[in-house]
Amino acid sequence: MVAKKHDFDAAWKAILEAFEVEIVELLFPELFEKIDWELGTESLDKELLEIQKDIFDKDSSEKVISDKIIKVRLKDRGSKILFIHVEVQSYISGHEVFGERMFRYFYRIWDRFRYKYKDKSEIVAAAIYTYKGDSGKDKRYVYKLPDLEDEILIYNFRTIDVEKIELDRISDNNPLKLVFKMAKDLLETKATDEDIFEAKIRLSEELNKNSIVKNSEQAKALVDFLGYLFLFQSQEFEKKFEDYKNERGGVFKMTIEEIRRLHYKAEGREEGREEGREEGREEEKKQLILKQYSKGLSIEYIAEINDFSIEYVKSVIEN
């Protein structure tokens, strides 16, 4: 029997999609209160895919979906743009290989967005390491020549190491505490179906009692995350856990395939429901314009930072 493989990318993608705000709060607490969350966030998945094609070969770039660029606006700087890049690393890479890749992401985001707006956009990045051991867990990238004493370039980024994270340091009000508990438990659980079953039941009961998730999307993401981190090899235990989920119903019946389909739809790889989704995006744009205008931003500036035409912004405000 061929052993089942973990789909870490799809599992973490569901988490990054459902917990954008909470991820930023955990990774960049000093920036969190300075972000104008009322103006919403924007996920730059298409732009990220283009950047990945520059960094990876074509096949690899299409498999890497557990990365995210979140676009937000800062309160105290006239709605200045901040780009937050988050990457999940689930396997060991060589020394400085991963750090260099994070830097390559950074300078491509810089080239694409830093001078796109008059007030210069800001860029920060973080990595989440989800595997055992210290190898390849870079926190910065250093570029220097052996013939020169000084480093030519030093690039730092934030990191979270699931293996070493102290869960007590995560607020009980942040549902990501349960996410990292699941990921940490996976590293500590033996690979037998009996042990996996016990871990999944224990974490499922904890998830069932959890009352701090904000919506059904977050609950589904947590269920999928648990399901695809802890994989059974035997049909017997698979059925036992399916019976357990069916008894509870609701979000326990959602599957990771649905999360993947949603991701690929966002890239235009699947058809269907496009008209309804387009209407939803149009309404989001209008609400964003009205919020920014109510905060005193000029029509010209709203058009510039959102890549809208001045005529479009005017028409939304007038109507």
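Predicted model: local features only at pLDDT ≥ 70, side-chain atom pairs only at ≥ 80, totals over all residues.
1. Which strands are joined to E2 by bridges? Strand E1 (residues 42–43) runs antiparallel to E2 and is joined to it by two bridges. Lys71 of E2 is the bridge partner of Glu42. E3 is also antiparallel to E2, and seven bridges join the two. Within that pairing, Ile70 stands opposite Ile84 of E3.

2. Strand E3 covers residues 81–89 and contains Glu87. Is Glu87 buried or exposed? Its relative accessibility is 1%, so Glu87 counts as buried, the cut-off being under 20%. The side chain of Glu87 makes a polar contact of 2.6 Å with the side chain of Arg101.

3. Helix H1 (residues 8–18) is largely enclosed by the rest of the structure, because nine of its eleven residues are buried. The buried set consists of Asp9, Ala10, Ala11, Trp12, Lys13, Ala14, Ile15, Leu16 and Ala18.

4. Helix H13 (residues 299–306) has seven of its eight residues buried and is therefore also largely enclosed by the rest of the structure. Those buried are Ile299, Tyr301, Ile302, Ala303, Glu304, Ile305 and Asn306. Asp307 follows H13 and has a positive phi, near 60°.

Terms used: Residues numbered from 1 in each chain as written. Heavy atoms only, no water. Helix = DSSP H or I, 4+ residues; strand = E, 2+ residues; numbered from the N terminus. Buried < 20%, exposed > 50% of the residue type's maximum accessible area, 1.4 Å probe, protein only. Polar contact = N/O pair within 3.5 Å; in protein donor to acceptor, adjacent residues only side chain to side chain. Pairing = 2+ DSSP bridges.
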